[in-house]
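Student: I am new to this structure. Please show me how to read a few of its features.

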Amino acid sequence: MASPQFLTPQPVFSSRPRRRFTLEQANRALPLVRRVVNDIVATREQATHLQTSLESSAAAEHKRVQDELDVAIDKLHAYLDELTEIGCELKDFQAGLVDFIGRHQGREIYLCWRLGEDKIAYFHEISAGFAGRMPVSMLEEREN
């Protein structure tokens, strides 16, 4: 039987061009992003629990648990689509880590936010990832 890792859907890619945010625009989007990410984290937790239950359920319970799991997975995909429409990317389902494309010294970077943070306080190079986060006080959004 599949392990709970299948509950981490592949990134959803929009057919429209990627949206670029200023720090101000990304922070203004956070109330909506925060709600969606809260839903994603909670639904993924529920789906993981259901997957575990499915693996140990009696035959009589199997269909009910599978149906509930299918609903949870459909919700996850809908929430991911909502984030894609906003223009940001979910990087970590458990931590609620989200990146917004921004600019620093004329090149694309990620404005980085994690569930529980009040505002976007960090950015990182596209190739650096979370470990390379730098404070937004160093951000220079000019085009060069």
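Tutor: Start with Pro31, which counts as partly exposed because its relative accessibility is 40%. Buried means under 20% relative accessible area, exposed over 50%, and partly exposed in between, with a 1.4 Å probe and protein chains only. This is a predicted model, where local features need pLDDT of at least 70, side-chain atom pairs count only at pLDDT 80 or more, and totals for chains, interfaces and linings use all residues. Residues are numbered from 1 along each chain as its sequence is written, and side-chain values use heavy atoms, leaving out hydrogens and water.

Student: Where does Pro31 lie?

Tutor: Pro31 lies in helix 1. Helices (H or I, at least four residues) and strands (E, at least two) are DSSP runs, numbered from the N terminus. The C-alpha atom of Pro31 is 9.6 Å from that of Asp118, 87 residues apart along the chain.

Student: Which residues of helix 2 are buried, and what do they pack against?

Tutor: An α-helix has 3.6 residues a turn, so residues three or four places apart point the same way. In helix 2 the buried residues include Val65, Leu69, Ala72, Ile73, Leu76 and Leu80. The buried residues of this helix pack against helix 1 (23-56) and strand 1 (88-92), with contact meaning heavy atoms within 4.5 Å. Just after helix 2, Gly87 has a positive phi of about 110°.

Student: How many disulfides are there?

Tutor: A disulfide is a covalent bond between the sulfur atoms of two cysteines. Counted as a pair of cysteine sulfur atoms within 2.5 Å, the number of disulfides is zero. Cys88 is buried at 5% relative accessible area, and Cys112 is buried at 0%.
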